[in-house]
Amino acid sequence: MSEVPSMDEAVSSGQGAPPLVIDIRGATKVFNPGKSNQVEALDEIDLSVGPGEFITLIGPSGCGKSTLLRLVASLIPPSTGTVQVNAKPAEQARLDRDYGMAFQTAGLFDWRTVTKNIELPLELMGWSRGARRRRAAEMLELVKLSEFANHHPSELSGGMQQRVAIARALSFSPSLLLMDEPFGALDEMTREHMQDELLRIWKETETTVVFVTHSIPEAVYLSTQVVVMSPRPGGIASVIDVDLGDRNASTRDDPAFFTKVTEVRTALRKVEE
Amino acid sequence: MPSTDTMADTDDPLVREHRIKQQAAQEQRRDAVVRVVRQTVTFVVFLGLLAGLYTGYKAFGQAIDDRQHDWAVVGSVLPRTDDLNMPPVSEIFGQFGETPGGQDQIYVKILFDEALFTLREAFAGFMVGLVIGMAIALALAQWRRLEQGLLPYVIASQTIPLIAIAPIIVIWGRKNFDVFPWEWQDWMSVSVIATYLTFFPVAVNGLRGLQSPRPENKELMESYAASWSQTLWRLRLPASLPYLFAALKIAATASIVGAVVGEISAGVEGGLGRRILREAFNYTTGPDRLFASVLGAAVLGIFVFLVVTAVERLVVGNQTQESTT
Amino acid sequence: MNTLKGFSAPIVTGVVLLGLWQGVLALLDPQGFVLPAPSEIVGALIDNWDEVFQGARITGFVVVSGLIAGIILGILAALLVTRFRTANETITPLAVAVNAVPIIALAPIFNNWFGLTSPRSNQAIVVALVFFPIFINTTRGLSQVDRSQIELMESYAASRSRITREVRIPNAMPFFFTALKLAASLAVIAAIVAEYFGGRQDALGPMITQSAGLTRYDEAWAAVLAGTLIGAVLYFAVLLLERVAMPWNSLIRAQSGDQ
């Protein structure tokens, strides 16, 4: 994974400096300010995420989970406050291609083969053809889709498309992976399967992940930290640490797992009131 | 790398799901072949039916002697059925093999050469129209203000019957188009009309196509800090192709219409349009030749449509969207 | 307020375009130029008002009558074809191909059928030209229906005609209006070009070609302007009709326009 030279600067979040991957201070977001349809989406968000963490954002509809994710991605600017990624402004992190993104729909380009889809960010970053091919092959192996390299997305099932999207997001070894309900459209069995895949990849690549979800079990199963958000305006209600060790087939039946699920659920109930 | 077959007993549920999907796709491909065959057959049957209907109506009209009596429908609302108005199908088709007086080629060869001439006019106009249309679409997609301001005029431009002022364009071309490094020829003026008819569907559908990428795809490109041209070439243009081809089918047909009619009204010699006009003048001596030349124009129109459809299959493949203009 | 804002951009653009056109011609004053300044065209329109108005009336009648007949035939054919699945699957692609035929080339034949000086041959051209886009698009709209909506209606044991009325026709509306907008401007062009081959000699088509032949370009363009106005009036009539027939559609558009 790490033998790509051109990415080394981007990945180096921890050159002795305080190893925060994400550092948000007092960020607010107001849409259409001063107009009749003004919406206060986020209010006074403080959040810091260290390297290698798996953070889940969970909360009721309209709590600004996706907005917060887009703030980190610098797809939208904060109204006030600062968002820093790898100790620099989020905008700069975006320009440096510090993070990969995955969305609810896989969002693959229909006209590109699986390989070419994974190569897309590498193309944009000016990698040579050979390096792209090699990296795409590695990524395909990582998500176990090598035999589908030359298929078009429309020939793949939903879960497989999502795997390609993850491979695409990770292809340039970003230090940060941002995921917006990536498994929301999958059926339950596929979903659990994909969760295991994601955890395996996360461990292999040592990437930091921010993951938006609606599902409490999913949040608990995946994360090292669950961030519970409250609605209108969106804010962080509580941060729950999850320490369940290595996940495996029995984790989902583990009493400790259920305890955490209940804890998150209780926090969410409080938020709804 | 294991082949698809040796992986048959995989326990990955996603791969198993994919197998089922692949089988469905295979069946779909087989269906596509069946469809093409069936459509060809229906087309032939349709032509036969049309000929039968024509012949039947003619026979009916002759039987009730529509010239002698003032019938309410036959020979008044519907055309008269004598050989001058409705030459028999056999004679229309027979005309293709005959050599008209003063010519040394059979009629179908003459029509073919003239169709090529018209096709050249149409193609030149089509290509220029494609470039102009895409340029407009790009500009409108780039600046929303411009879209709001200009799009109504792009639409309004099509209500200007430029075909009807073809003679003006020819005169204009002779006088004013000497800025080009080549000598302006009359057929190029006809191409201008084809261009005018082509740019519009391309601009309107091109705009829709360029705007068609889903928000998450645009966000993805943004998250890569992709430049404007990178987003254009890798996302917007490929996404616009299905829309663009829907427009190109219309535009190809329109360019033929523009060329045929342009030739007629501009008095440009050598093409199918001029041929139709000449046969219309000589109608009383050879009505079957007029019908044959009109059929030639019909074949040319369908031909360019099929060519664009074939190119679409090659370029866009199976991901064609149904988009209407 | 919002509608006012929507109109302001086109108006500003229009004024700028007209000003540019007039200004460039005034500055360069090209000799023998075939595109007169807007002021000259409007002047010619006023000077020849009676003839142009008469021509517009004749051509307008051909356009509107042909348009209405083409729409009715197109819708009837679409309803008929969608009753039978196989008919739909075979005839619709056929119609798409036949639509590629340059129908205007039929004008000489129609002239012989319906009389050289009768507007009937012009109407026939308009009908044939309008028929195909209306038929093709309406058929698509009637058949490309969300499966689940049909299944919902079937679960209520709704009759076939009821399903057509409640689901298929509303679904076909946007398709129909898209085609109608196209057909409305096509109809004007078709009528004027058809008039060039035959029909009444005081219609807009002959007026354009005769004036152009006498190099009275301002008069030719005045007649073109009249044709353009007919097209524009029809286009806006269709827009209005669309609003009335599909109030839900403009609502959806307004909402999605917000984002």
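A residue is taken as buried if 20 or more other C-beta atoms lie within 10 Å of its own, and this criterion is applied below to a model that is predicted. In strand β3(A), F54(A), T56(A) and I58(A) point one way whereas I55(A) and L57(A) point the other way, and all of these residues are buried. Because five of the five residues of β3(A), which spans residues 54-58, are buried, the strand is largely enclosed by the rest of the structure.

Strand β9(A) in turn pairs with strand β10 (residues 235-241) of chain A, in the antiparallel sense and over six bridges, with I236(A) of β10(A) as the bridge partner of M229(A). The hairpin formed by β9(A) and β10(A) has four residues between the strands, and in this hairpin R232(A) takes a positive phi near 45 degrees.

Chain A also contains an open sheet of four strands, arranged in the order β2-β1-β4-β5 with antiparallel pairing. Strands β2 (39-49) and β5 (88-89) of chain A stand at the edges and have a single partner strand each, so that one side of each is left without a neighbour in the sheet. Strand β1 (residues 22-31) of chain A is joined to β2(A) by seven bridges, the two strands running antiparallel, and I24(A) stands opposite L47(A) of β2(A).

When neighbours within four places in sequence are left aside, S171(A) is in contact with I118(A), P121(A), L122(A), R135(A), A136(A) and M139(A). The C-alpha atoms of S171(A) and E138(A), residues that are 33 apart along the chain, are separated by 8.7 Å.

Chain B, by contrast, has ten helices and zero strands, and its pattern along the sequence is accordingly α-α-α-α-α-α-α-α-α-α. Of the 325 residues of chain B, 40% count as buried. Among the contacts in chain B with a separation of 6 or more, 72% are between residues 24 or more positions apart.

The contact with chain A takes 26 residues from chain B and 28 residues from chain A. On the side of chain B that touches chain A, the elements giving two or more residues are α1 (13-63), α7 (215-223) and α8 (228-266) of chain B, and the largest share, seven residues, comes from α1(B). By class, this side of chain B divides into eleven nonpolar, seven polar and eight charged residues.

The contact between chains B and C takes 46 residues from chain B and 47 residues from chain C. On the side of chain B that touches chain C, two or more residues are given by each of α1, α4 (144-157), α5 (166-176), α8, α9 (272-281) and α10 (287-316) of chain B, with the largest share, eight residues, coming from α10(B). The residues of this side comprise 30 nonpolar, twelve polar and four charged.

The largest nonpolar core has 130 residues, of which I104(C), I125(C), V126(C), V130(C), A183(C), A187(C) and A190(C) touch the most other members. Helix α8 (residues 160-197) of chain C gives the largest share of this core, 20 residues. Residues up to four places away in sequence not being counted, I104(C) touches V257(B) and V261(B) in chain B as well as I125(C), A190(C), V193(C) and A194(C) in chain C. A second, separate core of 84 residues includes A93(A), A167(A) and A169(A) together with Y224(B).

Notes
Residues numbered from 1 in each chain as written. Chains lettered and ligands numbered in written order. Predicted model: local features only at pLDDT ≥ 70, side-chain atom pairs only at ≥ 80, totals over all residues. Contact = placed C-beta atoms within 7 Å. Nonpolar A, V, L, I, M, F, W, Y, C, P; charged D, E, K, R; others polar. Core = buried A, V, L, I, M, F, W, Y, C linked by C-beta atoms within 7 Å. Buried ≥ 20, exposed ≤ 12 C-beta atoms within 10 Å, placed from the backbone. Pairing = 2+ DSSP bridges.
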